[in-house]
Amino acid sequence: MYEEEFQAVHFPVMWQDVIRTAQENIPDSKVLRFLDGTGGEAGHVLKFAEAYPDSEILFLDRDPTMIERAWSRLGDRKNIKSLNCNYSELAQTDLEDLSWGDGFDGILLDLGISTYHILESGRGFSFKGTENFDMRLDTNLNRKQVTAAEIVNTYPSKELERIFYEYGEERWTKKIVERLVERRRTNPIESNNDFSKLVESTIPRKFWPPKTHPATRVFQALRIEVNQEFQHLKKALAELPKFLKPDGIFQIISFHSLEDRIVKHSLKDLVMSNKEFSFIHKKPLLPSEDEMKLNPASRSAKLRAIQRSADTKNKRY
Ligand SMILES: C[S@@+](CC[C@H](N)C(=O)[O-])C[C@H]1O[C@@H](n2cnc3c(N)ncnc32)[C@H](O)[C@@H]1O
C-alpha cells in the first residue's frame with residue numbers, strides 16, 4: 001500500500017503540540033487573535049476554537065474549495081472569519097477593513113496540500129485513477145497559472161531536469177526526462193495516470209522505494225512548480241512575523257526536507273538579525289509514535305516556532 005491509501009480524513013497534524021506551544025507561551029489574559037494561513041479542512045482552526053473559546057480566528061486558503069469545506073465543518077461562528085487568499089499576500093490585504101489591523105497573537109502554517117486534494121479533488125495530485133493532470137491549488141480562474149500537463153508537455157528538458165532534481169531530489173531525473181521528451185513528440189501526457197505509468201516504466205522495479213509510489217518525488221516536484229510553493233513560502237516567512245503582536249508566536253509545520261530547510265534558514269536569519277524574535281524550541285518538535293501510527297501522513301512532520309518579544313511596540317517593523 002502506498003502512503004496516500006492510509007489517509008481517509010484530514011487529521012490536523014501535531015495539533016496537541018501546536019496548542020500546547022500556544023498555551024505555554026502566549027499570556028492568556030485577553031481575547032486572543034489567531035491566524036491560520038493554511039485553513040484546509042479547519043482541523044487546526046477547530047482545535048484553536050476549542051482551546052480558546054473566546055478567541056478570534058482568521059483563516060486563509062488559496063483554494064476556494066477548501067474555504068467552503070472548512071465552513072461546512074465550522075457552522076455559524078461569529079468569532080471566525082476566512083479569506084480566500086495566498087498566505088504570501090496577506091501584507092497586501094487590507095486587514096484594517098476586517099478590523100484585524102493590530103495583528104495576531106498566534107500564526108500557524110501547516111504546509112502542503114490536504115487529504116481532499118489527493119483523494120477527491122480530481123486535479124491529478126494522486127497516482128490512482130485517471131484525472132486531468134492539473135495540480136493547481138488556486139482554482140480561481142482569474143489567476144494565470146500553468147498546469148502539470150502544460151509543464152510536462154512544453155517545458156524544455158533542462159528546465160524539467162531542474163524541477164525534478166531541485167524540488168523532487170529524484171535520482172532518475174535524466175532517464176525520466178529523456179523518456180518524457182521522446183513520448184510527448186507524438187503522444188502528449190494528458191492525465192496523472194499517463195505520467196505515473198511513464199515514471200513506473202522508467203525506474204527499474206528493483207529501485208522502487210519500499211513504501212512510496214515510484215512517482216512520488218516527481219509528483220511532489222511538479223506540485224511545487226505548478227503552485228510556486230517555495231516562492232510563496234519564502235515571502236510569507238519574511239512577511240508574516242511582522243503581523244505578530246508582542247508575545248505573539250509563529251508556528252510552522254513542514255513535511256519534507258526541502259520545505260523544512262527553507263523554514264529553518266528563514267527563521268534563523270530572522271532571529272539572528274532581529275533581537276525581537278527568538279526560537280521557542282531548541283530543536284523542532286516531531287510527532288509522537290502514537291500520532292505516527294494513527295496518521296502515517298504525519299511521519300515526516302516537523303514543527304518549528306518563534307516568538308516576538310513582549311517589549312515590541314505592537315507595530316509592524
Ligand atoms: C496541510 S493542509 C492544512 C490542513 C489544516 N491545517 C487542517 O487541519 O485541516 C494545507 C492547506 O493549505 C492550503 N495552501 C497551500 N499553500 C497555500 C498558500 N500559499 N496560501 C494559502 N493556502 C495555501 C492548501 O490549499 C491546503 O488546503
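This is a predicted model: local features need pLDDT of at least 70, side-chain atom pairs count only at pLDDT 80 or more; totals for chains, interfaces and linings use all residues.

Guide: Residues are numbered from 1 along each chain as its sequence is written, and side-chain values use heavy atoms, with hydrogens and water left out.

Next, the domains, whose bounds come from an automatic or database domain assignment. Domain 1 covers 3-116 + 230-308, and domain 2 covers 147-227. Their C-alpha centres lie 31 Å apart, and 12 residues of domain 1 touch 10 residues of domain 2.

Now to the helices, which are DSSP runs (H or I, at least four residues) numbered from the N terminus. Axes are lines fitted to C-alpha atoms, for helices over the stretch in contact, and angles run from 0 to 180 degrees between N-to-C directions.

Take α6 (residues 157-168) and α7 (residues 173-186): they pack at about 140°, with axes 10 Å apart. That angle makes α6 oblique to α7, given that under 35 degrees counts as roughly parallel, over 145 as roughly antiparallel, 65 to 115 as roughly perpendicular and the rest as oblique. The contact joins Ser157, Lys158, Leu160, Glu161, Phe164 and Tyr165 of α6 to Thr173, Lys174, Ile176, Val177, Leu180, Val181 and Arg184 of α7. By class, this contact has seven nonpolar, two polar and four charged residues. Here Ala, Val, Leu, Ile, Met, Phe, Trp, Tyr, Cys and Pro count as nonpolar, Asp, Glu, Lys and Arg as charged, and the others, Gly among them, as polar.

Helices α8 (residues 192-202) and α9 (residues 216-227) pack at about 135°, with axes 10 Å apart, and are therefore oblique to each other. Asn192, Phe195, Ser196 and Val199 in α8 meet Val218, Phe219 and Leu222 in α9, a contact with five nonpolar, two polar and no charged residues.

Finally, the axes of α10 (residues 229-239) and α11 (residues 257-273) come within 10 Å and cross at roughly 20°, so this pair is roughly parallel. Glu229, Phe230, Leu233, Lys234 and Leu237 in α10 meet Leu258, Glu259, Ile262, Val263, Ser266 and Leu267 in α11. That contact has seven nonpolar, one polar and three charged residues.

Note on methods: Helices (H or I, at least four residues) and strands (E, at least two) are DSSP runs, numbered from the N terminus. Contact means heavy atoms within 4.5 Å.
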